Amino acid sequence: MANIKDVARVAGVSIATVSRVINGNHKVGDACRARVQKVIKELGYRPNSNAQALVSKTKSTIGLVTPKLAMTFFGTLAAGVEKTAREQSYKLLMANSMYETQSELDAINSLRDHNCQAIVLHSEYSDEKTLIKLAEEIPGLVLVNRYIPAIAHRCVWLDNIAGAAYATQMLLEKNHRDFAVITSIYQNRDPGARLQGIRQTLSAAQITLKDEAIEESTANIEGGMQAVEALLARKVHFTALLAYNDLMAVGAIHALFAAGLRVPEDVSVVGFDDLIVARACRPQLTTMHYPVEEMASYAARLAIELSSNPPAEPAHRTHLFLSQLVERDSVATAK
């Protein structure tokens with residue numbers, strides 16, 4: 001296989017000149033550039049992308065770290081980053097943290113070893129002090145679905161409290177007064193924020209959400225089924241059920257039907273995320289649309305911008321997204 005030395009020898013130029021042609025340096029004359037490009041084509045030479053990045057000092061690679069790319073939510077997030085990477089002609093490197101702090105840090109360091117100056121990070125468990133330090137070291141580090149005031153200009157996040165509050169208010173306007181909530185057993189930030197939005201909205205309507213009406217389980221279909229089965233076993237009465245995410249909501253609908261309850265005639269069910277499963281289930285799920293792909297694409301653009309032109313001092317701006325209600329068939333007015 002031809003290498004850069006072969007190209008330089010056949011073209012009768014220095015290795016540095018070949019490197020300049022490869023990296024688009026304008027200091028090479030047109031005739032010389034054409035000759036080098038002709039030799040590259042004839043020899044079938046393919047530049048090493050890592051060596052090319054080191055020689056040109058360009059930052060043409062963007063990294064993504066998520067807890068688990070196999071999950072639908074994070075797969076959608078990855079699609080958003082990939083969209084921007086393609087538009088900007090950036091290569092994309094991805095890594096899983098598997099919900100472990102050290103694995104998350106190892107993944108970030110691995111991306112840095114590959115010359116990634118732009119990194120989109122979905123961090124679940126790293127503390128704020130660690131993330132602030134990483135932000136100081138990595139010009140293009142951007143957090144998605146996490147807000148830290150000290151580095152707000154690097155945070156692309158969703159107002160989970162407001163989203164859950166809006167869903168709850170919609171159910172109140174449909175005359176529901178008996179509520180139950182199924183939420184994630186994993187104690188990251190989103191479940192707590194969404195539960196806070198529900199509690200605040202019900203409290204403003206002078207409705208108390210009792211502890212017995214809240215059930216934690218795994219944030220998947222099986223967890224949703226188990227959570228509703230536990231609520232029914234405790235004989236909790238509810239006409240409205242708010243689920244932490246769409247997967248739990250779909251599991252809840254299965255459990256309700258198995259218990260002889262109709263959705264939405266007997267129980268209205270609301271999810272969160274607006275994944276494809278929300279449209280595939282029956283009845284189709286009313287949910288809060290989480291603009292995860294749009295947020296990820298925006299975060300990737302921001303990471304590339306910061307890596308190319310780091311501000312002299314932190315910009316006084318934040319990047320807040322809001323969820324939107326998507327009304328389908330799983331909610332009805334309470335009798």
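# Helix packing, salt bridges and backbone in a predicted model

Trainee: In this predicted model, how do H5 and H13 lie to each other?

Mentor: Helix H5 covers residues 72-87 and helix H13 residues 292-308, and their axes are 7 Å apart. The two pack at an angle of about 45°. Angles from 65 to 115 degrees would count as roughly perpendicular and those under 35 as roughly parallel. H5 and H13 are therefore oblique to each other.

Trainee: How do the residues of the contact of H5 with H13 divide by class?

Mentor: H5 passes H13 in a right-handed crossing. On the H5 side the contact includes Phe 73, Leu 77, Val 81 and Lys 83, and on the H13 side it includes Val 292, Glu 293, Arg 301 and Ile 304. The residues of this contact divide into eight nonpolar, four polar and three charged.

Trainee: How do H8 and H9 lie to each other?

Mentor: Helix H8, residues 160-173, packs against H9 with the axes 7 Å apart. The angle is about 40°, and H8 passes H9 in a right-handed crossing. An angle counts as roughly parallel under 35 degrees. H8 and H9 are therefore oblique to each other.

Trainee: By class, which residues does the contact of H8 with H9 have?

Mentor: From H8 the contact draws on residues including Ile 161, Ala 164, Thr 168 and Leu 172, which meet residues of H9, among them Ala 193, Arg 194, Gln 196 and Ile 198. Counted by class, this contact has seven nonpolar, seven polar and two charged residues.

Trainee: How do H6 and H7 lie to each other?

Mentor: The axes of H6 and H7 come within 13 Å. They cross at roughly 0°, and the cut-off for this class is under 35 degrees. H6 and H7 are therefore roughly parallel to each other.

Trainee: Which residues in H7 do those of H6 meet?

Mentor: H6 contributes Leu 105, Ile 108 and Arg 112 to the contact. Across both helices, the residues divide into three nonpolar, one polar and two charged. The partners in H7 are Thr 130, Leu 134 and Glu 137.

Trainee: How many residues apart in sequence are the parts that Arg 112 and Glu 137 tie together?

Mentor: The side chains of Arg 112 and Glu 137 meet in a salt bridge, with N to O at 3.1 Å. Arg 112 lies in helix H6 (residues 101-113) and Glu 137 in helix H7 (residues 128-137), so the pair ties together parts whose separation in sequence is 25 residues.

Trainee: Which residues are linked with Arg 112 in a network of salt bridges?

Mentor: Arg 112 is partly exposed, at a relative accessible area of 29%. Glu 137 is also partly exposed, at 36%. Besides Arg 112, the network links Lys 133 and Glu 137.

Trainee: Are Arg 194 and Asp 273 buried or exposed?

Mentor: Their side chains meet in a salt bridge, 3.8 Å from N to O. Arg 194 lies in helix H9 (residues 189-204) and Asp 273 in strand S9 (residues 268-273), so this pair ties together parts 79 residues apart in sequence. Both Arg 194 and Asp 273 are buried.

Trainee: What is the relative accessibility of Asp 211?

Mentor: Asp 211 forms a salt bridge with Arg 199, and the closest N and O atoms are 3.8 Å apart. The pair links Asp 211, in the loop between H9 and strand S7, with Arg 199 in helix H9, 12 residues apart. Arg 199 counts as partly exposed at 35% relative accessibility. Asp 211 counts as exposed, at a relative accessibility of 61%.

Trainee: How many salt bridges does a search of the whole structure find?

Mentor: The pair Arg 112 and Glu 137 is one of them, and the pair Arg 194 and Asp 273 is another. For the whole structure, the search finds 11.

Trainee: Which residue does a cis peptide bond join to Arg 282?

Mentor: Omega of this bond is about -5°. The proline concerned has its place in the loop between helix H12 and strand S10. The residue joined to Arg 282 is Pro 283.

Trainee: Is Asp 274 buried or exposed?

Mentor: Asp 274 is found in the loop between S9 and H12. Its phi is positive, about 65°, although it is not a glycine. Its relative accessibility is 14%, and the cut-off for the class is under 20%. Asp 274 therefore counts as buried.

Technical notes
Residues numbered from 1 in each chain as written. Predicted model: local features only at pLDDT ≥ 70, side-chain atom pairs only at ≥ 80, totals over all residues. Heavy atoms only, no water. Axes fitted to C-alpha atoms, helices over the stretch in contact; angles between N-to-C directions. Helix = DSSP H or I, 4+ residues; strand = E, 2+ residues; numbered from the N terminus. Parallel < 35°, antiparallel > 145°, perpendicular 65-115°, else oblique. Left-handed = near helix turned anticlockwise from the far one by under 90°. Contact = heavy atoms within 4.5 Å. Nonpolar A, V, L, I, M, F, W, Y, C, P; charged D, E, K, R; others polar. Salt bridge = Lys/Arg side-chain N within 4 Å of Asp/Glu carboxyl O. Buried < 20%, exposed > 50% of the residue type's maximum accessible area, 1.4 Å probe, protein only.
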